[in-house]
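These are my notebook entries on one structure, kept in the order in which I looked things up.

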Amino acid sequence: MALDLDAIRPCLEGAIPGVMATCASDGTPNVTYVSQVEYVDAQHLALSFQFFNKTRRNVLANPGVELLVIHPAHGAMYRIAARYLRTETDGALFERMKAKLAGIASHTGMSGVFKLRGSDVYQIDQVEQVAAPRREAPAGGLNRLSALRRCALRVADSSDLDSLVERLLDGVTEHFGIRHAMLLMLDAAGQRLYTVGSRGYGRSGAGSEIPLGEGVIGVAARTVTPIRINHATLEYAYIRTMREGLSSRLLESEIPLPGLAEPGSQLAVPLACGGQLLGVLFVESPQDMRFSWDDEDALVTLAAQAASLARGFQACAEVLDDDASPAPAAAPAVPSASAAPLTVRHYEADGSIFFGDDYLIKGVAGAVLWKLLQDHARDGRTEFTNREIRLAPEIGLPEVGDNLEARLVLLTRRLIDRQASVRLLKTGRGRFRLCVARPLQLVNMPR
């Protein structure tokens with residue numbers, strides 16, 4: 001019976017190394033293990049090019065190869081006949097394989113040896129089963145299609161970006177049984193991602209940032225391709241590095257990224273729509289081999305739906321803001337007279353805000369909060385609209401694609417995380433209220 005790679009994708013997870021047979025130009029055979037066999041599509045796979053050895057020389061001289069792969073669940077064995085097409089040294093496929101190889105290398109203690117030089121792409125000629133299963137595949141388990149359906153329906157009920165974040169993270173944890181997840185959005189400059197919500201960690205990490213290209217999340221964002229690593233990884237354990245830096249007080253105005261100290265499996269899925277990157281959905285587990293191809297397929301589909309909704313909410317918000325009338329004037333709010341004043345420091349250099357000696361937020365979100373607090377201190381205002389914030393010159397938002405709603409979601413959650421005496425409360429479409437429970441002493445720190 002003719003097969004294609006879709007039928008045997010679990011064999012390409014890397015749990016059991018594949019075996020590769022090549023032939024020199026004079027007919028001499030050579031057999032070796034391969035550390036990585038990567039699924040590309042139903043008719044193509046990619047092998048890691050790490051060393052210019054006999055196997056590599058054989059492939060360049062005689063492009064026909066055969067691979068032997070084993071199903072990790074039941075032991076069935078398959079032979080793949082393939083032909084070498086090309087080597088890719090950059091791009092999404094290369095970055096994905098590079099990230100996975102780093103995980104394999106650290107898992108086997110070979111981080112200094114396994115370095116990807118290229119991704120060799122092969123055309124599949126034939127896939128055939130050569131050994132029957134030793135035992136039946138385990139029955140039961142999560143039905144990913146059913147989980148995707150339930151989660152997609154839940155996400156579809158979102159009415160704005162805030163509810164989208166909640167429904168997406170709740171759906172992933174509840175319907176897919178994934179305990180640790182976070183959602184990050186791309187900033188307006190397109191250089192960094194910032195956390196807007198998480199599940200399963202001791203702290204939400206709202207406002208924590210990571211640059212494009214750094215770690216599993218950053219690489220997935222930069223290449224706009226999902227990256228799944230099913231082995232504990234050291235080279236991509238940026239979470240540990242950031243946490244250690246914070247504990248040594250080297251980053252006094254940074255928010256720690258939430259994450260497992262010893263992740264066994266990680267999957268980063270970009271949120272993209274119309275060729276535009278919006279963010280990344282990231283899930284992880286302390287268990288090795290936790291995320292399968294089916295998990296990746298389902299979460300990629302879910303992320304596409306979420307990206308489409310997020311983009312629509314952003315466009316809709318900008319249109320509605322143009323038609324929104326200014327917020328009605330409100331009587332000055334009077335904080336509790338018995339409460340001690342709260343000193344709020346604003347640093348012009350990076351827009352960072354400190355409540356007392358504690359860092360809160362910086363950048364665009366910091367600029368938004370500083371404007372709100374200044375208006376409140378000067379006029380006693382508590383009611384605001386997204387439109388006036390979007391148009392305020394001191395905020396410095398771009399004319400197109402400012403993603404203000406995501407920044408307000410971030411700021412709202414960060415204030416909750418810090419249990420601050422200042423809160424933001426949504427009061428309607430494009431409207432929110434500033435709630436202040438203590439007298440404020442505003443201090444601007446010039447550059």
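Entry 1. I began with a residue pair: arginine 345 has phenylalanine 354, in strand 15, as its bridge partner. I take helices (H or I, at least four residues) and strands (E, at least two) as DSSP runs, numbered from the N terminus. I count two strands as paired if DSSP finds at least two bridges between them. Strand 14 (residues 342-347) and strand 15 (residues 352-355) run antiparallel and are joined by 4 bridges.

I note that the model is predicted, so that local features need pLDDT of at least 70 and side-chain atom pairs count only at pLDDT 80 or more, while totals for chains, interfaces and linings use all residues. Residues are numbered from 1 along each chain as its sequence is written, and side-chain values use heavy atoms, with hydrogens and water left out.

Entry 2. I then looked up the sheet around this pair. It is an open sheet of 4 strands in the order 16-15-14-20, with mixed pairing. Strand 16 and strand 20 (440-445) are the edge strands, each pairing on one side only. From one strand to the next the twist averages 25 degrees. Angles run from 0 to 180 degrees between N-to-C directions, and axes are lines fitted to C-alpha atoms, for helices over the stretch in contact.

Entry 3. Which helices lie across these strands? Helix 8 (residues 363-379) lies across strand 14, strand 15, strand 16 and strand 20, and runs at about 130 degrees to strand 20. Helix 10 lies across strand 15 and strand 16, at about 155 degrees to strand 16. Contact here means heavy atoms within 4.5 Å.

Entry 4. I followed helix 10 to its packing with helix 4 (residues 161-175): the angle is about 65 degrees and the axes are 9 Å apart. Helix 4 contributes Leu161, Asp162, Val165 and Glu166, and helix 10 contributes Glu405, Ala406, Val409 and Arg413. These residues divide into 4 nonpolar, no polar and 4 charged. In this scheme Ala, Val, Leu, Ile, Met, Phe, Trp, Tyr, Cys and Pro are nonpolar, Asp, Glu, Lys and Arg are charged, and the others, Gly among them, are polar.

Entry 5. Helix 4 also lies across strand 8, strand 9 and strand 13 (276-285), running at about 60 degrees to strand 9. I found these strands in an open sheet of 6 strands, ordered 10-9-8-13-12-11, with antiparallel pairing. Strand 10 (209-211) and strand 11 (227-229) are at the edges with a single partner strand each, so one side of each has no neighbour in the sheet. Strand 8 (residues 180-186) pairs with strand 9 (residues 192-199) over 6 bridges in the antiparallel sense. Leucine 184 stands opposite threonine 195 in strand 9.

Entry 6. A cavity is a set of points, on a 1 Å grid over the protein atoms alone, where a 1.4 Å probe fits but cannot get out; lining residues have an atom within 4 Å of a point. Grid points are joined across faces, edges and corners, and a volume is the space filled by probe spheres set on the points. I recorded 3 cavities of 30 Å³ or more. The second largest cavity holds about 60 Å³. Its lining has 11 residues, with Gly207, Glu209, Tyr359, Ile361 and Lys362 nearest its centre. Strand 16 (358-361) and helix 10 (404-417) each supply at least two residues of this lining.

Key
1 Å grid on protein atoms, 1.4 Å probe; cavity = no way out; pocket = protein on both sides within 12 Å on 5 of 7 lines; lining within 4 Å.
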